[in-house]
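Thanks for coming. I will keep this short and go through some side-chain packing, starting with the aromatic residues.

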Amino acid sequence: LSILFGVKRFEKYIFGKKIQVESDHKPLETIFKKSMSEAPKRIQRMLLELIGFDLVINFKKGAEVSIADALSRLPLDEMPDEELVIAKIVSETDVFGQTGMRLKTLKEIIENLEKEAGIDMVKSYILNGWPHDIKLVPEEVRDWWKIRDELTIADRIILKGQKIYVPAGMRDELMEKIHCGHQGVESCIRYARTRIFWFKMNQDIEKKVRQCVICRNLDDKRNQKETLILRKTPTYPWEDVAVDIFWFK
């Protein structure tokens with residue numbers, strides 16, 4: 001956001017020139033290198049506004065940045081209402097609307113996320129950059145390292161592209177909602193993968209669907225085979241004759 005503000009502010013001076021941008025936000029390097037379609041919609045809108053400028057993003061540690069961003073971090077006299085902040089995230093990402101999540105559900109995800117072990121470490125890595133080698137990452141968050149280039153944070157929520165990370169405490173509830181229409185395993189997984197994510201999500205959804213009593217009863221009825229009706233064996237030719245009757249116009 002600060003890059004967009006600076007570019008718009010000094011457009012007359014920098015348009016048509018190659019601009020080196022130094023930032024202490026490591027993920028920006030990856031965001032600018034990847035395809036725009038892989039970025040969240042909130043980021044896509046910003047990238048579209050910057051598309052006319054030749055920008056090169058270079059990471060620089062905060063301690064090495066000569067001009068601190070103190071002005072942008074001044075406390076506000078009045079903090080915005082949390083409901084309004086969440087509503088803004090909903091409208092910008094359009095992810096929560098697609099999943100049918102209410103603001104109450106979103107707040108529950110935030111609360112459960114803050115309780116989950118290792119999440120603070122993951123957020124720190126997303127904001128400050130990941131180690132170059134997976135061996136340097138603690139065992140409990142190594143799964144995150146494999147998708148590090150796709151991760152962003154919107155307020156206190158972790159996104160993989162446009163998919164919301166669902167903490168362990170909310171997964172059963174969301175799987176119930178996904179399977180409320182008693183769709184099959186493939187349909188439920190396909191629906192979930194476009195909106196939310198967690199590690200081993202496919203296996204969890206499959207297990208949930210397989211355990212559904214209603215679905216199992218329906219499957220039992222569908223899989224019932226018709227009893228084979230045996231006909232009496234004739235004792236002589238033409239004893240039993242069957243004919244299909246039809247006419248042709």
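Predicted model: local features only at pLDDT ≥ 70, side-chain atom pairs only at ≥ 80, totals over all residues.

Which residues form one aromatic cluster? They are Trp144, Tyr165, Phe197 and Phe199.

Let me take the aromatic pairs in general. A pair of aromatic rings is described by two things, the distance of the centres and the angle of the planes. In this model the count comes to six aromatic pairs. One of them is formed by tyrosine 125 and tryptophan 130, and this pair is stacked, with 4.8 Å centre to centre and 25 degrees between the planes. The angle is under 30 degrees, so the pair counts as stacked. Tyrosine 125 has 16% relative accessibility and counts as buried. Tryptophan 130 is buried as well, with a relative accessible area of 15%.

Tryptophan 144 and tyrosine 165 also form an aromatic pair, this one edge-to-face, at 4.7 Å centre to centre with 65 degrees between the planes. Where do the two residues lie? Tryptophan 144 is in helix α9, residues 142–145, and tyrosine 165 is in strand β5, residues 163–165, so the pair ties together parts that are 21 residues apart in sequence. Both tryptophan 144 and tyrosine 165 are buried.

Back to the cluster, and to phenylalanine 197, which belongs to it. What sits over the ring of phenylalanine 197? The charged end of lysine 160 does, 5.7 Å from the ring centre.

There is another charge over a ring to look at. Arginine 195 lies over the face of tyrosine 191, at 4.1 Å from the ring centre. This arginine 195 is placed in the loop between α11 (185–193) and β6 (196–197). A polar atom of the arginine 195 side chain also lies 3.2 Å from the backbone oxygen of tyrosine 191.

As a reminder, an α-helix has 3.6 residues a turn, so residues three or four places apart point the same way.

Note on methods:
Residues numbered from 1 in each chain as written. Heavy atoms only, no water. Phe/Tyr/Trp six-rings, centres within 6.5 Å; stacked < 30°, edge-to-face > 60°. Buried < 20%, exposed > 50% of the residue type's maximum accessible area, 1.4 Å probe, protein only. Helix = DSSP H or I, 4+ residues; strand = E, 2+ residues; numbered from the N terminus. Lys NZ or Arg CZ within 6 Å of the ring centre and 35° of its normal. Polar contact = N/O pair within 3.5 Å; in protein donor to acceptor, adjacent residues only side chain to side chain.
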